[in-house]
Amino acid sequence: MRYLRSVATPVDLPSQVECTSNTFAAPVLAGGSLYVDGNDRVTRYNAATGAVIWRKHASAGADGTSLDGLALSVAKGLVLVGQYGCGSVSDPNGYVQAYKASTGALVWSKPISSFGGALDQMVVSGNYVVAAGTSPGGGQVVAVRRLTTGALVWSRVEQSCAPGTVVVIAGLVVSYACSGGERLTANHLASGAVAWSRSGAWVLQRGELNGSTGGHLYATNPSGAVVDLNPVTGKTRHTLQGATTVLAVDGPRAYADCGGPGGCRHRIATGGRAGEAPPDPGPRPGGEAGRGPDPSRRPAPEPGARPGPA
């Protein structure tokens, strides 16, 4: 691996923009181009030279509100960006926008749903864009739009009770629902029809597709155990012994944090332990050893909380 170059998005003075947090989404490298959504701008760079091919200022709404970047995806000749406004703390407005990858021309721009709402996550799956978020003012929102036109397919708006995150797997949108008691629910991607529901305070971890078994959905159940759910039916297959966080899945193994100095491996077919991963060797130059937060310790969402600059 050889370092080539770096690119930097321009930064405005605080007096020139409404959003002053200067956030950006993870860049996407596709087709020889680098796409970046940062500091209220969406930019396409030539990955080989670093030259700017096109750059657009991200704004939305009748008043042209500036937007902070949250998510970025490139699919079917479009650059999809998930963004949020910073005009309100308790009820921030989320937007999804699509630009032509070739020219940067804006194809469509829509709020997260017809009811508005915050944006915490955007997922592109096939011909659909899934957006989800939660806020005290806007509630718990899940919405699905058509990728090419932005037309709303279906949406669900409820009181806020859980993180605004989703897992899209096996043609289903798995998310948190709040009305009538907190639960984990799966809706068909194309119609919004409910496929299954599990009551209680669940914590979504990750999904993994596998053609031979129909896929795996890992979550922490209300009792605190990490389980493998059948994403099609929602039924529990087995418990991952001793796991607290599923980190990755590769072939017949699931890799997890089991609370010790190293990780552990589990057999996907049974959930049983298949061995231990080497412990963390300790601090490295330029950083500290350790892992990210435990998703089983789910804090209540803070009003207006959003990712900050990297």
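## Contacts along the chain

Of the contacts (heavy atoms within 4.5 Å) in the chain between residues at least 6 apart in sequence, 41% link residues at least 24 apart. The model is predicted: local features need pLDDT of at least 70 and side-chain atom pairs count only at pLDDT 80 or more, while totals for chains, interfaces and linings use all residues. Residues are numbered from 1 along each chain as its sequence is written, and side-chain values use heavy atoms, with hydrogens and water left out.

## Overall composition

The chain has 0 helices and 26 strands. Both element types are DSSP runs numbered from the N terminus, helices being H or I with at least four residues and strands being E with at least two.

Of the 310 residues, 44% are buried, that is, under 20% relative accessible area, with exposed meaning over 50% and partly exposed in between (1.4 Å probe, protein chains only). The accessible surface of the chain is about 14,500 Å², and carbon and sulfur atoms contribute 53% of this area. Accessible areas come from the Shrake-Rupley method with a 1.4 Å probe; for residues, only the protein chains shown count as cover.

## The sheet S1-S2-S3-S4

An open sheet is formed by 4 strands in the order S1-S2-S3-S4, with antiparallel pairing. Strand S1 (28-30) and strand S4 (52-57) each have a single partner strand and stand at the edges, so one side of each lacks a neighbour in the sheet. On average, neighbouring strands of this sheet are turned by 15° against each other, direction ignored; axes are lines fitted to C-alpha atoms, for helices over the stretch in contact, and angles run from 0 to 180 degrees between N-to-C directions.

Two strands pair if DSSP finds at least two bridges between them. Strand S3 (residues 41-46) pairs with S4 in the antiparallel sense over 5 bridges, and arginine 44 stands opposite tryptophan 54 in S4.

## The S23-S24 hairpin

Strand S23 (residues 245-250) pairs with strand S24 (residues 253-257) over 5 bridges, in the antiparallel sense. Alanine 248 stands opposite tyrosine 255 in S24. The two strands form a hairpin with 2 residues between them, and glycine 251 in the turn has a positive phi of about 60°.

## Aspartate 228

Aspartate 228 lies in strand S21 (residues 226-229) and counts as buried because its relative accessibility is 0%. The side chain of aspartate 228 makes a polar contact with the side chain of histidine 216 (2.6 Å). Such a contact is a pair of N or O atoms within 3.5 Å; within protein, one must be able to donate a hydrogen and the other to accept it, and residues adjacent in sequence count only if both atoms are side-chain atoms. Leaving aside residues up to four places away in sequence, aspartate 228 touches His216, Leu217, Tyr218, Lys235, Thr236, Arg237, His238, Leu240 and Ile268.
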